[in-house]
Amino acid sequence: MDRHSMQSRPRQQLLDHSSGLKSKPDPTFDFTQNTNVTALIGKTAYLTCRVRNLGDKTVSWVRHRDIHILTAGAYTYTSDQRFQAMHKQNTGQNSEWSEWTLCIKWAQERDQGIYECQISTIPVKSHQFRLNVVVPTATILGGPELYVGAGSTINLTCAIHFSSEPPAYIFWYYNENVLSYDSPRGGISVITEKGGDVTTSWLLIQTAQPSDSGEYSCKPSNANTASIRVHVLNGERPEAMQTGTAGPILSSSCLLVSLIILYISSV
């Protein structure tokens, strides 16, 4: 065997070995994820970025408005202790996937905006998420002006949305004074129905008179004050006059209770 053949054999073996190696797949994002995230004010917001085939790369979370690196890997790089990095490595058939979560405690309105999940490839790969922070909101349906005929029943519906838990109480006001259900006028009742997403309070005023005209307000313990101006008319029927309910129809149980209350108050 000549000298040239002896030198070329190790080189050929190296080429054969390298050709048998499989190149590592590039890291990718899970683009099927929901990137529009909504959180309630004062609660914890979670932005989760799923990455496939991360390998030896690092995942970072960056706040877009000031290009501030918040987390890198499992470490947090901000003095704001509300921010925290969370990591979960999947196992089994999905072991190539990993989850990198940016946790924002006690979310505030100023936290809403764009956040980027970045992979430390060259060039950097990024995937944007939008965080929306909502506050509990009260609205009176049918406003801002409501017209009813004299002798009819005023039915005002106050709905509280975006509340993580039902309000501890809901006060109704008439011309900025707390409405008294035991007033000599009588015929006044309130029905409140607490639901998972929406809490609804109905104010029922029997046998409306022009003296009942004025501003009515709904004030929940955990939301803004909502107001409506009611006009009780004699004989006139403007297009905006209330002909039925001023919002969603009461559930059968609430309707039964309200009828009993109105009957008792009229006796």
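What follows is a chat about some strands, rings, charges and backbone details of this model.

Q: Before we start, what kind of model is this?
A: This is a predicted model.

Q: Okay, let's begin with a sheet. What is the order of the five strands in the open sheet?
A: The order is β12-β19-β18-β14-β15, and the pairing is mixed.

Q: Which strands stand at the edges?
A: Those are β12 (145–149) and β15 (177–178). Each has a single partner strand, so one side of each is left without a neighbour in the sheet.

Q: And what holds strands of a sheet together in general?
A: Strands of a sheet pair through backbone hydrogen bonds, and the pairing is either parallel or antiparallel.

Q: In which sense do β14 and β15 pair?
A: They pair in the antiparallel sense, over two bridges. Strand β14 covers residues 170–174.

Q: Which residue in β15 is the bridge partner of tyrosine 173?
A: That is valine 178.

Q: Switching to rings: how many aromatic pairs are there in the whole structure?
A: A search finds four. In one of them, the rings of tyrosine 174 and tyrosine 216 have centres 4.8 Å apart and planes at 40°, so this pair is tilted.

Q: Where do tyrosine 174 and tyrosine 216 lie?
A: Tyrosine 174 is in strand β14, while tyrosine 216 is in strand β18 (residues 214–220). The pair therefore ties together parts that are 42 residues apart in sequence.

Q: Is tyrosine 216 buried or exposed?
A: Tyrosine 216 is buried, with a relative accessible area of 2%.

Q: Let's talk charges. How many salt bridges does the count come to?
A: The count comes to seven salt bridges. Among them is the one between arginine 50 and glutamate 99, where the closest N and O atoms are 3.5 Å apart.

Q: Where in the chain are arginine 50 and glutamate 99?
A: Arginine 50 is in strand β3 (residues 45–52) and glutamate 99 is in strand β8. The two are 49 residues apart, and their pair links distant parts of the chain.

Q: Which residues are linked in a network of salt bridges?
A: The network links Asp30, Arg50 and Glu99.

Q: What does the charged end of arginine 50 sit over?
A: It sits over the ring of tryptophan 97, 4.5 Å from the ring's centre. Arginine 50 is also buried, with a relative accessible area of 18%.

Q: Nice. How far apart are the closest N and O atoms in the salt bridge of arginine 185 with aspartate 212?
A: They are 2.7 Å apart. Arginine 185 lies in the loop between β15 and β16 (188–194), and aspartate 212 in the loop between β17 and β18, so the pair ties together parts that are 27 residues apart in sequence.

Q: What about aspartate 66, which residue does it form a salt bridge with?
A: Aspartate 66 forms a salt bridge with arginine 63, and the closest N and O atoms are 2.9 Å apart. Arginine 63 counts as buried at 11% relative accessibility, and aspartate 66 as partly exposed at 36%.

Q: On to the backbone. Which peptide bonds are cis?
A: One of them runs from isoleucine 122 to proline 123, with omega near -5°. Proline 123 lies in the loop between β9 (113–119) and β10 (125–134). Another cis bond joins glycine 143 and proline 144, with omega about 5°, and proline 144 lies in the loop between β11 (137–140) and β12.

Q: What is phi of tryptophan 106?
A: Its phi is positive, about 50°, although tryptophan 106 is not a glycine. Tryptophan 106 lies in the loop between β8 (97–104) and β9 and counts as exposed at 52% relative accessibility.

Q: Last one: which residues make the nonpolar surface patch of about 360 Å²?
A: The patch is made by Ile69, Tyr75 and Tyr77. Tyrosine 77 lies in the loop between β6 (75–76) and β7 (83–89) and counts as partly exposed at 47% relative accessibility.

How values were computed. Residues are numbered from 1 along each chain as its sequence is written. This is a predicted model: local features need pLDDT of at least 70, side-chain atom pairs count only at pLDDT 80 or more; totals for chains, interfaces and linings use all residues. Side-chain values use heavy atoms; hydrogens and water are left out. Patches are made of residues with over 30% relative accessible area and no salt bridge: like charges are joined within 9 Å, nonpolar side chains (Val, Leu, Ile, Met, Phe, Trp, Tyr) within 5 Å. Accessible areas come from the Shrake-Rupley method with a 1.4 Å probe; for residues, only the protein chains shown count as cover. A salt bridge is a side-chain nitrogen of Lys or Arg within 4 Å of a carboxyl oxygen of Asp or Glu. Helices (H or I, at least four residues) and strands (E, at least two) are DSSP runs, numbered from the N terminus. Buried means under 20% relative accessible area, exposed over 50%, partly exposed in between (1.4 Å probe, protein chains only). Two strands pair if DSSP finds at least two bridges between them. Rings of Phe, Tyr and Trp (its six-membered ring) pair if their centres lie within 6.5 Å; planes under 30 degrees apart count as stacked, over 60 as edge-to-face and the rest as tilted. A charge sits over a ring if NZ of Lys or CZ of Arg is within 6 Å of the ring centre and within 35 degrees of the ring normal.
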